[in-house]
Amino acid sequence: MQIATWNVNSLSVRLPQVLDWLARQPVDVLCLQELKLTEDKFPFMELRSAGYEAVAFGQKTYNGVAILARTPLTALARNIPGFEDEQARVIAATVETPQGPLRVLNGYFVNGQAPGTDKFAYKMRWLQALHDWVRSELAAHPRLVLLGDFNVAPEDRDSYDPVGLADTIHHTREERAHFQALLGLGLTDAYRMFEQPEKSYSWWDYRMLGFQKNRGLRIDHILVSEALRGAVTACTIDRAPRKNPQPSDHAPVVLTMA
DNA sequence: ATGACGGTGTGGCACCGA
C-alpha cells in the first residue's frame with residue numbers, strides 16, 4: 001500500500017493537479033496541508049468521484065489539513081487534544097488495511113518565521129504538545145504514521161545552503177531537537193531508510209528560480225512507528241508536480257509498504 | 001539588506017509562507 005503527503009498551498013487552486021496526480025499515482029491514503037479553505041468549500045464530491053473518501057479540518061485563508069483514503073476513515077481527531085490552537089493544523093484518523101488498522105497523524109507544522117519571534121515561541125510550544133500527544137497515540141496505536149509538512153530540515157543535507165542558512169528558520173538547533181525527540185519516541189524517518197539522491201528536497205521557493213536551481217529544503221516528512229518499519233519498502237519524493245504550470249511550492253512524498 | 005513568487009482578502013496593497 002502507499003501513503004503520501006502533499007502541501008498543496010490552496011486546494012481551491014490545486015484541486016485539478018491533485019486529481020491528476022491521484023489518477024497517475026493512485027495511493028491508498030493522501031494527506032494534504034495548507035488547504036486554505038473551510039470545510040463547506042472542501043471538494044468532497046470531486047474526490048469521491050475519484051474514488052476517495054475524505055476528512056477535512058479547514059480554516060479560511062490559512063492552514064487546513066485533510067486525509068483522503070480509498071477505505072473508510074474512523075476515530076477522527078482534530079488538532080492536538082488539550083492544546084488550545086486557533087489554527088487548523090492537525091487531523092488524525094484510522095484507516096483499515098489488510099494488515100490491520102493504521103493510525104494516520106497528518107500535520108501542518110508551525111512555520112515559526114524566525115528565532116526570537118512570537119511565532120517561533122508558538123512553534124516550540126506546538127512541537128512540545130505534539131510530542132506528548134504522539135507518545136500517547138503510539139501507546140494506543142502501534143501501527144502509526146506521522147506525516148506532513150514539518151517545517152523542519154532535520155539535517156544539513158536536507159538544505160540547499162546549510163552554512164548560509166545556519167540557525168535560521170527550519171535549521172535551528174531547537175527545531176532539530178524537536179524532530180529528534182519525535183524520532184526518540186520510536187519513529188523512523190522513512191525517507192532516510194533508503195539510499196537517496198544527494199540534494200533531495202520537498203520544497204523550493206517560488207522566487208529566484210528556486211526549483212530550476214534546486215535551491216530547496218526537505219521539510220515534508222513521513223515518520224513510521226517501529227511496528228511498521230519492517231514493512232516499508234520505499235520512500236520517494238515526486239518532483240513531477242512541481243513542474244506543472246501553477247505548481248504548489250511543495251512536492252508530494254510517497255511511502256510504500258508491503 | 002531587501003525583494004524576488006504565489007495565495008488570500010474586500011483590495012488597489014498588506015500579510016503570510018519558508
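Tyr108 stands across from Asp149 of strand E8, in a model that is predicted, with local features requiring pLDDT of at least 70, side-chain atom pairs counted only at pLDDT 80 or more, and totals for chains, interfaces and linings using all residues. Residues are numbered from 1 along each chain as its sequence is written, while chains are lettered from A and ligands numbered from 1 in the order in which they are written.

Strands E7 and E8 run parallel and are joined by six bridges. Strands (E, at least two residues) and helices (H or I, at least four) are DSSP runs numbered from the N terminus, and two strands pair if DSSP finds at least two bridges between them. The open sheet has six strands in the order E5-E6-E7-E8-E12-E9, with mixed pairing. Strands E5 (73-78) and E9 (188-189) stand at the edges with a single partner strand each, so one side of each lacks a neighbour in the sheet. E9 pairs with E12 (residues 220-224) in the antiparallel sense over two bridges, and Thr188 has Val224 as its bridge partner in E12.

What, then, of burial in E8? Six of its six residues are buried, meaning that 20 or more other C-beta atoms, placed from the backbone, lie within 10 Å of a residue's own.

Conventions
A residue is buried if 20 or more other C-beta atoms lie within 10 Å of its own, exposed if 12 or fewer, and partly exposed in between; C-beta atoms are placed from the backbone.
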